[in-house]
Amino acid sequence: MHARPRCHLQVRRARSVRLVAMEALLTAFIPSKTLPLPFPVRTPYLRPLPSIHSVSIRERTSTTRRRAGRVHRIPLVRASASSSSTETVTAVSEIPAKMKAWVYDDYGAADLLRLDEGVSVPEVKEDQVLIKVVAAALNPVDYKRRQGKFKATDSPLPTVPGYDVAGVVVKVGSQVKNLKVGDEVYGNINEKALENPKQFGSLAEYTSVEEKLLALKPKNIDFVQAAGLPLAIETANEGLERSGFSAGKSILVLGGAGGVGSLVIQLAKHVFGASRVAATASTGKLDLLKSLGADLAIDYTKENFEELPEKFDVVYDAVGQCEKAVKVVKEAGSVVALTGAVTPPGFRFVVTSDGAVLSKLNTFIEDGKIKPVVDPKGAFPFSKLVEAFTYLESGRATGKVVIHPIP
């Protein structure tokens, strides 16, 4: 064998020394117990380090599991139900072909729900965005839909339930104009609650939504609080507008501690300029009514609101007592009836989801005039959805029942 020229060995040795030195220099700036470099350093071509070193090894492993699907960069989001702060960390991850989602194959009780780990991630139409769901909220319309109350206009089974969502945009359609990947958003994913609602709802890892139904999440609230707002605040706002409510008028809210009722009180008082707000609730929730802006808190377990001596310009009935509500409304007044039989002059409406409405109301949320009310039990984990529905259907919830975290 011929010995290699000394100059050749010296060049290779010099290159090796330089590369080892460069490796040492790079790793010196990487904190201990963080991710290893995602590429081999001993190579003539050194790419810039991706900004992922604030993510722990455990976190990265959990968010970059290899599953079938196209690879994308998506935000890794951490949200706390006990704090109004949120933290967003960029990580290399992927949009999978399959996802975890709650599904029901037939109409009926909550125990029909099953957790399916092989549901296809929804496709994104040109006017839609794909959202990585961080939190979702439950509404009475969710369980009424599952019970088959409006199956004639429902989407085909099997169904992934869920209307309310808060999360992060991970993909945008070709016609999307204002939202971009990484935006933190919230909204009600169904434009008309009872007319062909989406087959793939928000109680899943991902959901696709038209851009026009979403708004940027208010900066001062977390994903749990944001998830509880969309359908309820849109219902509260639209009902007040349809009733002709305006500054200087009085209102009685039946069910003031519920998801919609708690927001009707706040909107009427702090946005529409009500002269007087009265509301009903059980004994333990009267202080909540006052904190939201009610001038008169009525304990329905001890008093009959229909026997009040005063009359109101508007009665907002969120509990199904329209027959009694009409007894305390002024002659030219209105009664908004969300549920139960409707007695004239009561009326019912189907709420329209509108991101523009949410954007308008964001100002009042960020100013602290409107505060989300999440049930004191706190958020239910994704695995406890059946228990969450059972609790909501019991009628004991205060404010909104929210699901978080979602894988």
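Select Arg114 first: its relative accessibility is 32%, so it counts as partly exposed (buried means under 20% relative accessible area, exposed over 50%, partly exposed in between, with a 1.4 Å probe and protein chains only). The model is predicted, so local features need pLDDT of at least 70 and side-chain atom pairs count only at pLDDT 80 or more, while totals for chains, interfaces and linings use all residues. Residues are numbered from 1 along each chain as its sequence is written, and side-chain values use heavy atoms, with hydrogens and water left out.

Next, select Asp183 and Lys180. Their closest N and O atoms are 3.0 Å apart, in another salt bridge. Which of the two is buried? Asp183 is, at 10% relative accessibility, whereas Lys180 is exposed at 52%.

Move on to Glu184 and Lys217, a salt bridge whose closest N and O atoms lie 3.7 Å apart. This pair links distant parts of the chain, 33 residues apart: Glu184 is in strand β7 (residues 184–188), and Lys217 is in the loop between β9 (214–216) and α4 (223–227). Helices (H or I, at least four residues) and strands (E, at least two) are DSSP runs, numbered from the N terminus. Lys217 is buried, with 7% relative accessibility.

Over the whole structure, the search finds 14 salt bridges.

Key
Salt bridge = Lys/Arg side-chain N within 4 Å of Asp/Glu carboxyl O.
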